[in-house]
Structure formats: C-alpha cells, structure tokens
Amino acid sequence: NHWTPISFRNNTEEKELYQKFQKIICVSDIVKKNLDTLYNTHNKTSIIYNPIDRNHIINLSKINTSAFPKSPSRKRIITLGSLIEIKGYDRLLRIAKILKNIHHINFELLILGEGKLRKTFENFIKLNGLCNHVYLVGYINNPYPYILNSDIYVCSSYGEGYNTAITESLILGKAIVSTNCSGVKEQLGDNCEYGICTPNTEEGLLEGIIKMLDYNTQKYYENRARERGKIFNLENSMNEIYKIIN
C-alpha cells in the first residue's frame, strides 16, 4: 500500500529524502523490512509500536453506554475504522450475509466509523436483509465501552501499518480475528497464540470468524488476550522515544 508517490516525483527523489534523516521510526517489523528493501535504510530504522495508555483505555471502557444494549443470546462482532476500501468492510458485509443465510448464526455486527462508502454499505445492508444484523454506528469518540461489551473484535483490512485497535482490544481482553496485515503477527503471535490471524482473503476471514464464534474458542482467546494486553505499557514506549530524541 505504497501511497507516498502522491508526494514525490519518483522513487529516486523519495530515496534521497530518506537518506537525509538521522533516524526513521517504523510502527511494525514489516514496515521496517519494506522500507529497508525499497530505500536501503537499514542503518537508520528502528521499530517503536504506537504508544498505548493501557490504564486510560481501561478507565474509558468503564464509562456506561446504553446506545447498543447487548442481547445475551446474540454474538456481537465489532470493528473500528473509516468506511474506505482498504478496511475491507465490503468483504466483511458479504461474510455477514453468509453467517446469516448459510450458517444461520444469531449475531450482530457493529461497524464504528465514518467514510465515503457509507451509502454503498447502507444499500448493501438493505438489499441483503441485514438491517437487523449489521449496524453502521458512525464515529464514536469513546469506542472502548462498545469493544468491552462485544464478543469478538474483527480486523478485515486489506492492508494496515499497525492496527492500534487490535492492541486496544487485547488490553480489554477481547477475542480477536484479523486478516494478516502488517503488524498483526507481532500483536497476535506468529502462530495465533493471542488471537486468530487469517490469510488475507475473504474465505480465510470467514473461516476465522466461524472458528472464533465457538464458545470455548472465544473464551480461550479472551484469556490469552488479557495476558497479551499486559505487555503494552505507555512508560516503556515513551522511554524508547526519549532515548532516540536524546
């Protein structure tokens, strides 16, 4: 997802600029590897994950919201992000249709975010009889109570740099299913130790979601997520930043 050509005339110009920096910080291992491969920046790059204030997230998640009260008989799937192509909500909506019509699963999908594809998604939801299953909630300033009050967090993206919402969901002890984007295996483990990382395909994502809808699988990954979430510490991240500045 190399978007920087909008800012440079060619790759040579971009490479020359990167060589002028003393230090380049990458948000994930894959971002670092790709940058080093493209522009030979091996001696300049380091990885620092996005700083996360774990305690702040936990405290915000406890603020009560009654906007979407959860039915105990329904599985709630949640995702956060702009309504744009890269987030993969087109395939997530198709998966929702399959869960309803073929697998007859009692679920609801909350999509928190705004974007240019809202009208397209609204039409798909209406045309496919998903109005009682999929909700375009819009932008929410504090999404953490919604995450806490859900069963599964899903990242359906075609590409990411580093999905902060996955880290936030780990902190809140949520079972997570994500397509294999940049940074996901660093969050969920190389072998799905802390969540299910699926192939970056519609079929793979569907299979991962169905697997996570199993009660025992979900509870297992909730426990693993709580364990993983403890490693995200704001003080440690900031210390790494201060070292570079100093």
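Predicted model: local features only at pLDDT ≥ 70, side-chain atom pairs only at ≥ 80, totals over all residues.
Residues are numbered from 1 along each chain as its sequence is written, and side-chain values use heavy atoms, with hydrogens and water left out. Local features need pLDDT of at least 70 and side-chain atom pairs count only at pLDDT 80 or more, while totals for chains, interfaces and linings use all residues.

Helices and strands here are DSSP runs, numbered from the N terminus: a helix is H or I over at least four residues, a strand is E over at least two. Axes are lines fitted to C-alpha atoms, for helices over the stretch in contact, and the angles run from 0 to 180 degrees between N-to-C directions. Angles under 35 degrees count as roughly parallel, over 145 as roughly antiparallel, 65 to 115 as roughly perpendicular and the rest as oblique.

Which residues of α4 and α5 meet? Y89, D90, L93, R94 and K97 come from α4, and F121, F124 and I125 come from α5. Contact means heavy atoms within 4.5 Å. Sorted by class, the contact of α4 with α5 has five nonpolar, no polar and three charged residues. In this sorting Ala, Val, Leu, Ile, Met, Phe, Trp, Tyr, Cys and Pro are nonpolar, Asp, Glu, Lys and Arg are charged, and the others, Gly among them, are polar. An α-helix has 3.6 residues a turn, so residues three or four places apart point the same way.

K97 also takes part in a polar contact, with the side chain of N128 reaching the side chain of K97 at 2.9 Å. A polar contact is a pair of N or O atoms within 3.5 Å; within protein, one must be able to donate a hydrogen and the other to accept it, and residues adjacent in sequence count only if both atoms are side-chain atoms. N128 sits in the loop between α5 and β5 (134-138). Is N128 buried or exposed? N128 has a relative accessible area of 19%, so N128 counts as buried. Buried means under 20% relative accessible area, exposed over 50%, and partly exposed in between, with a 1.4 Å probe and protein chains only.

Helix α4 has another helix partner in α9, residues 202-212. The axes of α4 and α9 come within 10 Å and cross at roughly 50°. That angle makes α4 oblique to α9. The crossing is right-handed; a crossing has this name if the near helix is turned clockwise from the far one by less than a right angle, and is left-handed if anticlockwise. R91, L92, R94, I95, I98 and L99 of α4 meet E202, L205, L206, I209 and I210 of α9. By class, this contact of α4 with α9 has eight nonpolar, no polar and three charged residues. Within α9, the buried residues are G204, L205, L206, G208, I209 and M212. They pack against several elements, including β3 (75-80), α4, β6 and α10 (215-229).

The next stop is S156, in the loop between β6 (152-155) and α7 (164-171). At 1% relative accessibility, S156 counts as buried. The side chain of S156 lies 2.8 Å from the backbone oxygen of K87, and a polar atom of that side chain is 3.3 Å from the backbone oxygen of G88. Not counting residues up to four places away in sequence, S156 touches K87, G88, Y89, R91, L92, T179 and L205.

Seven of the eight residues of α7 are buried, so α7 is largely enclosed by the rest of the structure. The elements covering these buried residues include α3 (54-61), α6 (144-148), β7 and α8 (184-188). N163 caps the N-terminal end of α7, with a side-chain oxygen 2.9 Å from the backbone nitrogen of A165. Just after α7, G173 takes a positive phi of about 70°.

Positive phi values also occur outside glycine. H104, in the loop between α4 and β4 (107-112), has a positive phi of about 55°. H104 is exposed, with a relative accessible area of 63%. N40, in the loop between α2 (29-39) and β2 (45-47), has a phi near 50°, and N40 is partly exposed at 48%.
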